[in-house]
Amino acid sequence: MKKKLRKKYLFYRKSLTKKEVLKSSYDIFIQIKKLFFIWEKTYYHIFLPIQKYNEINTFLITNFLFQKRKYITVPYLNFNSLSIENCLLDRKTTLKNNKYGIPEPVQKHIIHPSFIEVIFIPLLVFDLKGYRIGYGKGFYDRFLALCKKNVLKIGLSFFNPIDSIPSIHKNDLIIDIGITKNKIFFP
């Protein structure tokens, strides 16, 4: 069932025009700015958008965090071990798309995941309990095991949450906050 939902929402997202992606990304950013309590933190981890998959433009968020003088980390993916290295991002960081179209730092300045206080997690859709459907490789499920237990997990989606995701596994991560273009959800 997860595979069907993944395929369905990936199709929906790929069907969005570039203009819809930009507008919805901006609307999601406006919702995020309403979460005043998260801006007092210091270390943030955020995924960078894969443009060919019409992912949310998270550069709006990174630019906002730069203005607030926060530390930002981004993933560097190891597809052999299905793991994430947590790399520092600053205004001077050179990014290059890997073979999957994921922007990654050319020079890796590794920051231990235990520093992260807020993590923006990529997903296709989430449910009202906070479970999410991503791309199905489990990168973030494994990565979160290295983070502090109280790290704030925020999922961003172009689509409203569904009632529930069937076939939940005991190791599936649960987001603390889900943000869409119209609303903030606290599962």
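Helices here are DSSP runs of H or I, at least four residues long, and they are numbered from the N terminus. The model is a predicted one.

## The sheet

Start with the strands. In general, strands of a sheet pair through backbone hydrogen bonds, either parallel or antiparallel.

Val118 stands opposite Leu152 in β9.

Strand β10 holds Ile177. With a relative accessible area of 2%, Ile177 is buried. The C-alpha atoms of Ile177 and Phe120 are separated by 9.6 Å, although the two residues are 57 residues apart along the chain.

## The nonpolar core

The largest nonpolar core has 57 residues. Ile32, Ile38, Phe120, Tyr140, Ile154, Leu156 and Ile179 have the most contacts inside it. Take Ile38 as an example. Apart from neighbours within four places in sequence, Ile38 is in contact with Ile32, Tyr44, Val118, Phe120, Leu152 and Ile154.

Two packed helices are described by the angle between their axes and the distance between the axes. Here the axes of α2 and α3 come within 9 Å and cross at roughly 40°. The two helices are therefore oblique to each other. From α2, the residues Ser25, Tyr26, Phe29, Ile32 and Lys33 take part. From α3, they meet Leu60, Ile61 and Phe64.

In α3 (59–67), the residues Ile61, Thr62, Phe64, Leu65 and Phe66 are buried. The buried residues of α3 pack against α2, β1, β2, β3, β6 and β9.

Ser25 is found in helix α2. Its relative accessible area is 1%, and Ser25 is buried. What does the side chain of Ser25 reach at 2.7 Å? It reaches the backbone oxygen of Val21. A polar atom of the Ser25 side chain also lies 2.9 Å from the backbone nitrogen of Asn57. Not counting residues up to four places away in sequence, Ser25 touches Ile56, Asn57, Leu60 and Phe158.

Asn54 lies in the loop between β1 (43–46) and α3. At 5% relative accessibility, Asn54 counts as buried, because buried means under 20%. A polar atom of the Asn54 side chain lies 3.4 Å from the backbone oxygen of Lys14. With neighbours within four places in sequence set aside, Asn54 is in contact with Arg13, Lys14, Leu16, Lys18, Val21 and Phe158.

| Side chain | Backbone atom | Distance |
|---|---|---|
| Ser25 | oxygen of Val21 | 2.7 Å |
| Ser25 | nitrogen of Asn57 | 2.9 Å |
| Asn54 | oxygen of Lys14 | 3.4 Å |

Just after α3, Arg69 takes a positive phi of about 60°. Arg69 is a residue other than glycine. Its place is the loop between α3 and β2 (71–78). Is Arg69 buried or exposed? At 75% relative accessibility, Arg69 counts as exposed.

Leu82 is another residue other than glycine with a positive phi, near 55°. Leu82 sits in the loop between β2 and β3. At 26% relative accessibility, Leu82 counts as partly exposed.

Note on methods. Residues numbered from 1 in each chain as written. Predicted model: local features only at pLDDT ≥ 70, side-chain atom pairs only at ≥ 80, totals over all residues. Heavy atoms only, no water. Buried < 20%, exposed > 50% of the residue type's maximum accessible area, 1.4 Å probe, protein only. Polar contact = N/O pair within 3.5 Å; in protein donor to acceptor, adjacent residues only side chain to side chain. Contact = heavy atoms within 4.5 Å. Core = buried A, V, L, I, M, F, W, Y, C linked by side-chain atoms within 4.5 Å. Pairing = 2+ DSSP bridges. Axes fitted to C-alpha atoms, helices over the stretch in contact; angles between N-to-C directions. Parallel < 35°, antiparallel > 145°, perpendicular 65-115°, else oblique.
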